[in-house]
Amino acid sequence: MSKMEGKIITKFADAWKLYGTKHDWFNCRKKPVVIKAIQMDSDFKVATKEGLSLSGKAGDYLLQGVKGEVYPCDKEIFEETYNKVK
């Protein structure tokens with residue numbers, strides 16, 4: 001049985017406790033993949049492929065991933081991690 005069976009990780013610290021020392025972790029960078037995004041002008045909710053309901057607030061972004069999945073992204077996080085491309 002794995003350490004993770006039946007556990008839900010809600011924050012990084014939970015995963016750290018379950019998976020051990022920092023020597024087990026490695027650095028990585030997301031691939032430069034182009035996705036679609038739109039800044040929303042009102043609060044919104046989206047249904048994920050996993051059946052979850054996620055919400056965003058006015059000013060946040062709605063993203064469409066490479067497999068058609070949709071999800072909200074906080075305005076500050078979006079603007080810190082994404083660049084607009086043509």
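## Aromatic pairs

Two aromatic pairs are present in the structure, which is a predicted model. A pair of aromatic rings is described by the distance of the centres and the angle of the planes. For Tyr61 and Phe78, the ring centres are 3.7 Å apart and the planes stand at 15°, so this pair is stacked; the cut-off for stacking is an angle under 30 degrees. Tyr61 belongs to strand 4 (residues 61–64) and Phe78 to helix 2 (residues 75–81), so the pair ties together parts that are 17 residues apart in sequence.

The other pair joins Phe78 and Tyr82: the centres of their rings lie 4.9 Å apart with the planes at 15°, so Phe78 and Tyr82 are stacked. Through these ring pairs, Tyr61, Phe78 and Tyr82 are linked into a cluster.

## Burial within the cluster

Tyr61 and Phe78 are both buried. The relative accessible area of Phe78 is 13%, and the cut-off for a buried residue is under 20%, so Phe78 falls in that class. Tyr82 has a relative accessibility of 24% and therefore counts as partly exposed.

## Surroundings of Asp60

Asp60 is located in the loop between strand 3 (53–56) and strand 4. With a relative accessible area of 6%, Asp60 is buried. Its side chain reaches the backbone nitrogen of Lys75 at a distance of 3.1 Å.

When residues up to four places away in sequence are not counted, Asp60 touches Ile38, Gln39, Met40, Phe44, Cys73, Asp74 and Lys75.

Strands of a sheet pair through backbone hydrogen bonds, either parallel or antiparallel. Here, three strands form an open sheet in the order 1-4-5, and their pairing is antiparallel. From one strand to the next, the twist averages 25°.

Four bridges connect strand 4 and strand 5 in the antiparallel sense. Leu63 has Tyr71 of strand 5 as its bridge partner. Strand 4, which takes part in this pairing, also contains Tyr61, the stacking partner of Phe78 in helix 2.

Terms used:
Residues are numbered from 1 along each chain as its sequence is written. This is a predicted model: local features need pLDDT of at least 70, side-chain atom pairs count only at pLDDT 80 or more; totals for chains, interfaces and linings use all residues. Side-chain values use heavy atoms; hydrogens and water are left out. Rings of Phe, Tyr and Trp (its six-membered ring) pair if their centres lie within 6.5 Å; planes under 30 degrees apart count as stacked, over 60 as edge-to-face and the rest as tilted. Helices (H or I, at least four residues) and strands (E, at least two) are DSSP runs, numbered from the N terminus. Buried means under 20% relative accessible area, exposed over 50%, partly exposed in between (1.4 Å probe, protein chains only). A polar contact is a pair of N or O atoms within 3.5 Å; within protein, one must be able to donate a hydrogen and the other to accept it, and residues adjacent in sequence count only if both atoms are side-chain atoms. Contact means heavy atoms within 4.5 Å. Two strands pair if DSSP finds at least two bridges between them. Axes are lines fitted to C-alpha atoms, for helices over the stretch in contact, and angles run from 0 to 180 degrees between N-to-C directions.
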